[in-house]
Each structure stands twice: as structure tokens, then as C-alpha cells.
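The sequence and the coordinates follow.

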Amino acid sequence: LCRFACAPGAVSAKLVVTFPFCRCTSYSCPDSPYYLDAPVVTMGAGLAPGMSLVCLPLIVRAGGCGSSQGPCCDMLAASLHKIGIKTSKSCVGQVASVMVDGKKQSYQYESPATASEAVIKIMPLRLNIGTANNKWICLTVRAPCADPKTLFATSDLSRISYYMSEASEHVCCPTCNVHGDVLAPLASSPPPPPQMPLPPAPPNPDAPPPP
């Protein structure tokens, strides 16, 4: 599984059975110039019964990369290719779609046979430090995983784990929890997530005919 993630020769391709399931040169969360904030969950509002829309805002850390951060920060600032979010293994296949700022986004699952968790990998993002701020990563999720605590296998939604990488065959995978390891105040507050389109209202039989 690691062969899909690690740059040949840069790091060992030995299978890692704990999240993020790959060997990297850096796992340090402060080495990322971005972070995900807590999810906003919507049910109803045009969704099929039993489904939810789980949206996490992507934020650029104020100040970007500093002297205390490693080279992975500069690499990720230039190219944010992938975000991998840890999920329950029982929820593999229960994400119906992924959108980034309302646009359909490709994704895939990965889970070593001996691992107790899985990861949903959202890629290619084609973002950088100038374009990533306040993007919303939205997952449409089927039952029985529509509850984000079930989807992300945590009763504490501040403990949702994720990593970010700079390329398909990456050497950097800073791994964080939402809310966590914020190096500086936010550059700005994220806007609300994109609204799901609502079905048209039924015609009113008592309304006068149009002129």
C-alpha cells in the first residue's frame, strides 16, 4: 500500500500498519502550512434520508512557513496534492461523494489488511498556499456512517486525524488532529460551507396565473 504514497528511494516502502500507513521524512503537524478545522454537519436539506454532508474547512496558517518549520512546509506551500482523513474501517465505501468548494473531487480508500482503521485520500487537489485558504472539503456520507463520530471513529470530533502531502509519491505527510497545533492566529475566519441545492417548491394551486 505504501508503494502508492512514498517516493521510491526517498524513504522506506515498508508497510506501515498505523495511520497514515506510510513512512515519510516528516509527520510533524507544524511542518504543514495548512490545517483542517472542526466539521460542520448537515442532515436533511435536500439529502436522501439517512445521509449527511460533513464539511471541514481548510485553513492556511497565518504567517505561512517560518524558520522553525522544516523543508516540508515549503514543499507543501508550493503544492498541496492530497489530504488523507482517518476513518473507521467499517465505513469504507460509505462516502458517496467528495466536493471541494462545491466541485466534485476524486478520492480513494486505503486500509492495510492488519490495520484497524482506514484512510480516505482526497486527490489531486492542485492547491497551494495562495489558493487553499477557506476551501471546504465536503463528504456526502451514507448510513450507518452519516454520524461523523462513526465515520471518523472518535467520540471527540476535535480528535479527527488527517495528513497532507505535496505529491502523489510524497515524502512529507504532516499528521494532525483538527483544531490542533495552530502556530498562529487564523489569517481569517472561514466562510460558511457551500449550501446543498434544494429541490424546487411545488406549485401553489391557489396562485393566480402569470400574466
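## Salt bridges

A salt bridge is taken here as a side-chain nitrogen of Lys or Arg within 4 Å of a carboxyl oxygen of Asp or Glu. The model is a predicted one, and a search of the whole structure gives 3 salt bridges. As a general principle, side chains of opposite charge can pair when their charged atoms come close.

Lys86 pairs with Glu117, with 4.0 Å between the closest N and O atoms. This pair links distant parts of the chain, since Lys86 belongs to strand E4 and Glu117 to strand E8, 31 residues apart. Glu117 is partly exposed, with a relative accessibility of 22%. A further salt bridge connects Lys135 and Asp101, whose closest N and O atoms are 3.5 Å apart. Because Lys135 lies in strand E9 and Asp101 in the loop between E5 and strand E6 (103–105), the pair ties together parts that are 34 residues apart in sequence. Asp101 is likewise partly exposed, at 35% relative accessibility.

## The buried pair Lys121 and Glu110

Is the charged residue Lys121 buried or exposed? Its relative accessible area is 1%, and because buried means under 20%, Lys121 counts as buried. Glu110 is buried as well. The two residues form a salt bridge, with the closest N and O atoms 3.0 Å apart. Lys121 is in strand E8 and Glu110 in strand E7 (residues 107–110), a separation of 11 residues. Their side chains are also joined by a polar contact of 3.0 Å.

With residues up to four places away in sequence left out, Lys121 touches Lys82, Ile83, Gly84, Ser106, Tyr107, Gln108, Glu110 and Tyr163.

## Disulfides

The whole structure contains 6 disulfides; three of them are described here. In general terms, a disulfide is a covalent bond between the sulfur atoms of two cysteines.

Cys29 and Cys176 are joined with their sulfur atoms 2.1 Å apart. The torsion about this S-S bond is about 105°, so the disulfide is right-handed. Cys29 lies in the segment before E1 and Cys176 in strand E11 (residues 175–177), so the link ties together parts that are 147 residues apart in sequence. Cys29 is buried at a relative accessible area of 4%, and Cys176 is also buried, at 4% relative accessibility.

Cys55 is joined to Cys138, with an S to S distance of 2.1 Å. The torsion about the S-S bond of Cys55 and Cys138 is about 115°, so this disulfide is right-handed. Cys55 lies in strand E3 and Cys138 in strand E9, so the bond ties together parts that are 83 residues apart in sequence. Both Cys55 and Cys138 are buried. The disulfide of Cys91 and Cys145 has its sulfur atoms 2.0 Å apart; with -95° about the S-S bond, this link is left-handed. Cys91 lies in the loop between E4 and E5 and Cys145 in the loop between E9 and H2, so the pair ties together parts that are 54 residues apart in sequence. Cys91 and Cys145 are both buried.

## Nonpolar cores

How many residues make up the largest nonpolar core? It has 33 residues, and those with the most contacts inside it are Leu36, Leu58, Leu80, Ile83, Ile85, Leu139 and Met164. Two or more residues come from each of strands E1 (34–36), E3 (52–60), E4 (82–88), E5 (95–100), E8 (117–122), E9 (135–141) and E10 (161–165). Strand E3 gives the most, with 5 residues. Apart from this core lies another, of 7 residues, including Phe19, Phe21, Cys24 and Val119.

Leu58 touches Tyr34, Tyr35, Leu36, Leu80, Ile83, Leu127, Ala132, Asn133, Asn134, Lys135 and Met164, leaving out residues up to four places away in sequence. Val60 is located in strand E3 and is buried, with a relative accessible area of 9%. The C-alpha atoms of Val60 and Asn133 are separated by 5.0 Å, although the two residues are 73 residues apart along the chain.

## The loop residue Thr154

Thr154 is in the loop between helix H2 (148–151) and E10. Thr154 is buried, with a relative accessible area of 14%. A polar atom of the Thr154 side chain lies 2.9 Å from the backbone oxygen of Asp156. Beyond residues up to four places away in sequence, Thr154 touches Lys149, Arg159 and Ile160.

Key: Residues numbered from 1 in each chain as written. Predicted model: local features only at pLDDT ≥ 70, side-chain atom pairs only at ≥ 80, totals over all residues. Heavy atoms only, no water. Core = buried A, V, L, I, M, F, W, Y, C linked by side-chain atoms within 4.5 Å. Buried < 20%, exposed > 50% of the residue type's maximum accessible area, 1.4 Å probe, protein only. Helix = DSSP H or I, 4+ residues; strand = E, 2+ residues; numbered from the N terminus. Contact = heavy atoms within 4.5 Å. Polar contact = N/O pair within 3.5 Å; in protein donor to acceptor, adjacent residues only side chain to side chain. Disulfide = S-S within 2.5 Å.
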